[in-house]
Amino acid sequence: MKRRKIVVERVYEKSDAEKSVRLLVDRLWPRGIRRDELPFDDWAKELTPSTELRKWYGHDATRFDTFSAKYLAELDARPVREYLERVTPTADTRLIVLLTASKDLAHSHASVLADYLRTIV
């Protein structure tokens, strides 16, 4: 079985991934972008870190390992597979693009989410 490819992109960057499923994975709407300016298929708020965890982390890279572990525990407690099957069924082989406003993609929740999704798709 071929695995689906999942990538993370910033919402502020021009994307060339036309034939993809584009999921906004930030809990808050990105600053400076109107809703009609951002091409996306779904706003995946249910896959974002809890407000408490997001505020605690505060994009402090020194907390990233602890943040990742706590976020993965949150994801394990959610119906992530069901969400994915609803927005992008297994038969859909398009690239999945996770959109975020985070500046540091390597230390973002979106990178943790991408790794998590790669294990289940």
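Modeller: Helices (H or I, at least four residues) and strands (E, at least two) are DSSP runs, numbered from the N terminus. This is a predicted model, where local features need pLDDT of at least 70, side-chain atom pairs count only at pLDDT 80 or more, and totals for chains, interfaces and linings use all residues. Residues are numbered from 1 along each chain as its sequence is written, and side-chain values use heavy atoms, with hydrogens and water left out.

Colleague: Where does Asp92 lie?

Modeller: Asp92 sits in the loop that runs between helix H3 (80–87) and strand S4 (95–100).

Colleague: Why does Asp92 count as buried?

Modeller: Buried means under 20% relative accessible area, exposed over 50%, partly exposed in between (1.4 Å probe, protein chains only). Asp92 has 16% relative accessibility, so Asp92 counts as buried.

Colleague: Which residues does Asp92 touch?

Modeller: Contact means heavy atoms within 4.5 Å. Not counting residues up to four places away in sequence, Asp92 touches Arg4 and Val21.

Colleague: Why is Pro30 called buried?

Modeller: Its relative accessibility is 3%, so Pro30 counts as buried. Pro30 is in the loop between S2 and S3. Leaving aside neighbours within four places in sequence, Pro30 contacts Val11, Tyr12, Leu24 and Ala101. Pro30 and Ser102 are 72 residues apart in sequence, yet 9.1 Å apart in space, C-alpha to C-alpha.

Colleague: What makes S1 and strand S3 edge strands?

Modeller: Two strands pair if DSSP finds at least two bridges between them. The 4 strands form an open sheet, S1-S4-S2-S3, with parallel pairing. S1 and S3 (42–43) each pair on one side only, at the edges.

Colleague: How many bridges join strand S2 to S3?

Modeller: Strand S2 (residues 20–24) and S3 run parallel and are joined by 2 bridges. At least two are needed, so S2 and S3 pair. Leu24 has Trp43 as its bridge partner in S3.

Colleague: What makes H4 mostly covered?

Modeller: Of its 12 residues, 9 are buried. Among them are His109, Leu113, Tyr116 and Ile120. The cover includes strand S1 (6–10), helix H2 (64–76), H3 and S4.

Colleague: At what angle does H4 run to S1?

Modeller: Axes are lines fitted to C-alpha atoms, for helices over the stretch in contact, and angles run from 0 to 180 degrees between N-to-C directions. H4 lies across S1 and S4, at about 165° to S1.
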